[in-house]
Amino acid sequence: MRKHIILIVAAVVMTASVASSQDLTGEDIIHEVDDLMTIQTAYAKMKMTIETSSGQKRTFVYESWTKDEGEKNLIRYLEPSRVKDQAILMLNNANDIWMFFPRTQRVRKLATHAKKQKMQGSDFSYEDMGGSGEFEEDFVAQRLEDEEKNGHDCYKVELVRKPEGDLSYSRLLLWVIKENFYPVVIEYYDEDDPTYLQKTLTQSNIEVIDGIPTAKKMLMQNLNDQTQTVMEIVEIEYDVELDDRMFTERNLKK
Amino acid sequence: MKKRALIVLNFAFVLLFMFVASIHAYSKVDLFGYYESQVMGAKVKDSFYQLYANKLRVDLKSDFSSNVTFAANFDYITYHGKKQWNILDFLSSEITSQVPDALKPLYVIPFSNRHFLDNAYLRLSFKPFDLTLGKQQISLGTGYVWNPVDVFNIKDILDPTYEQPGHNAMRMDVPIGLASTATALYAPGEEWKNSSKMLLFKTRVSRFDLSVIGIEKTWRFHDYTVFDPAQMSFLELPEKRRLLGASTAGQLLGLGVWAEFAYNWMDQTDDFYELVVGTDYTFDFQTYFLVEYYRNTLGKKDYRDYTINDWMRNFAQEQKAVSRDQVYALVQHPATDLMTVSLSSIISISDHSMALVPTVMYSFSQNVDIFAYLNLNVGKEGTYFANTMGNGGFVRVRVYF
């Protein structure tokens, strides 16, 4: 569930082996989405703009590195000055988080519950940002009636959290582009109330970069708080060479 | 004479600023920092004291290459309002009555304008180790408010995340595998024997970070009842302090947990230990809760045993507590998308006193923050958080550039 946001990425090997669209089950579609989003390594420079309920804007620019299908993540802020050089290391699909504060040179280990916190007050939580997370692993999928969404002919899939799952959302609704299995809209429902819509993610400006369809713009709308956050890719590179030593506390402090 | 010195210092500051600006213009040096203006007010007995402070922090950072980093910051601070606070104004009459009248003016904490190089260090990164040389931050331990293993800093319990001063040291960090690090630190004094030495080993076991630490440092308690005319200050009592400690941070039953312990062997005074245990949690509705327990056996169990030395050593940051057992609790919630409100309380279990600190943090604009708190002490006279300690408030506006 999380990896779609992370670098929004997708290694689409548009498989010819996929059965005809009518035969696909919800699980088949989600399997394709998972495959699409599975990337080994990536580097990205992102711009995140938070628009508050009063219309004020806060803009952040950060770099991120990801490895092992999103299992390892490192984020380092470049702007604004207030958070410059702050960094976050997430390992084990964001189950282990360390934050680095440059002015005190202090590294603080955060427990899993910190994933629920908003990233710099945005509408993306750390859980949304980190880890690869597999839809297949975390949810049970059911295909609903196909729909057109944002100009794309889409499969509509409902994902219900597995009973053993430890996620902040009880249910997701996905609109997946039939042509390339890219999830163009995702609705996130409350952890306890599967009928209560919390957030909507809309992915647009989809371009193929290094052979991988990539949404260059993501809009997360928080219906609870009446706020929204736009994430834009300034720069992205797939299959970059990243040493495991990059994802250590030593590198976090650099 | 004083005025001339001030002019010279100001001139030096301007020159430094021009130097920094020219470096910034001609090389790849990042120039950033902040300006903050703060006001603190406190009702003490029948008076209301105010202290204003302006601080300009200029940071420089340059990565000369992938393995050489230079970073520094210069602080310029001015104070206005009540610039001299006599500690005796805050203490119980039982304590102050023990102080001879002739010594009473000496218990003053002055807030003098100052500018100084806070941090300035070079980090050389080799494949097998990192070497950091110069004035640098030394942050040790996992505690949020108290850090028993950190003999270099004492946090402000009302503002525990505020930055700490830089320390002159040589530090070597040797990574061992991906999850462990061995660190050696040497902070030179006049001689080897009164220099600080530290060895630290940090590793990860399952979901926990673990570290063990050993430190030797010359500790400088003062006797605040004896004036030393040779030094024109209270009598200094240097002694060797040896610390052996451990800290951990991880997760248990979904809660964040951490603990820190340090035993201190003192050459002259009594040995003591410090212990911290803490936990935190974020609820689904974004409310964050933190609680931390702290024990320091230098602190007294009964407030009637507090002495002027206990209080002064605490104010002078020679010891972290006056009372033995304390608990810090914090509840924080994002009230709006730009404002976070919190309520913290520091409870001195030993003497049944408490400080309540409601706090507001507001993001005024992209690079402007406003931070404010009230400090309300609830305790009878003579206790750690006695209401005679002065109830008050604090506002800070900070602009980052």
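A:Gln105 is partly exposed, with 19 other C-beta atoms within 10 Å; the class lies between buried (20 or more such atoms within 10 Å) and exposed (12 or fewer), with C-beta atoms placed from the backbone. Its backbone deserves a look too: phi of A:Gln105 is positive, about 55°, although the residue is not a glycine. You will find A:Gln105 in the loop between strand 5 (96–101) and strand 6 (106–110) of chain A. Strands here are DSSP runs of E with at least two residues, and helices are runs of H or I with at least four, numbered from the N terminus.

This is a predicted model, in which local features need pLDDT of at least 70 and side-chain atom pairs count only at pLDDT 80 or more, while totals for chains, interfaces and linings use all residues. Residues are numbered from 1 along each chain as its sequence is written, and chains are lettered from A and ligands numbered from 1 in the order in which they are written.

Now turn to chain B. B:Lys45 has a positive phi near 55° and is likewise not a glycine. B:Lys45 sits in the loop between strand 1 (30–44) and strand 2 (47–65) of chain B, and counts as exposed, with 10 C-beta neighbours inside 10 Å. Most residues other than glycine have a negative phi, and most peptide bonds are trans.

Back in chain A, the peptide bond from A:Glu79 to A:Pro80 is cis, with omega near -5°. A:Pro80 belongs to the loop between strand 3 (72–79) and strand 4 (87–91) of chain A.

Finally, 33 residues of chain A are in contact (C-beta atoms, placed from the backbone, within 7 Å) with 30 residues of chain B. Strand 6 of chain A gives the most to the side of chain A that touches chain B, with three residues.

Notes. Two residues are in contact if their C-beta atoms, placed from the backbone, lie within 7 Å.
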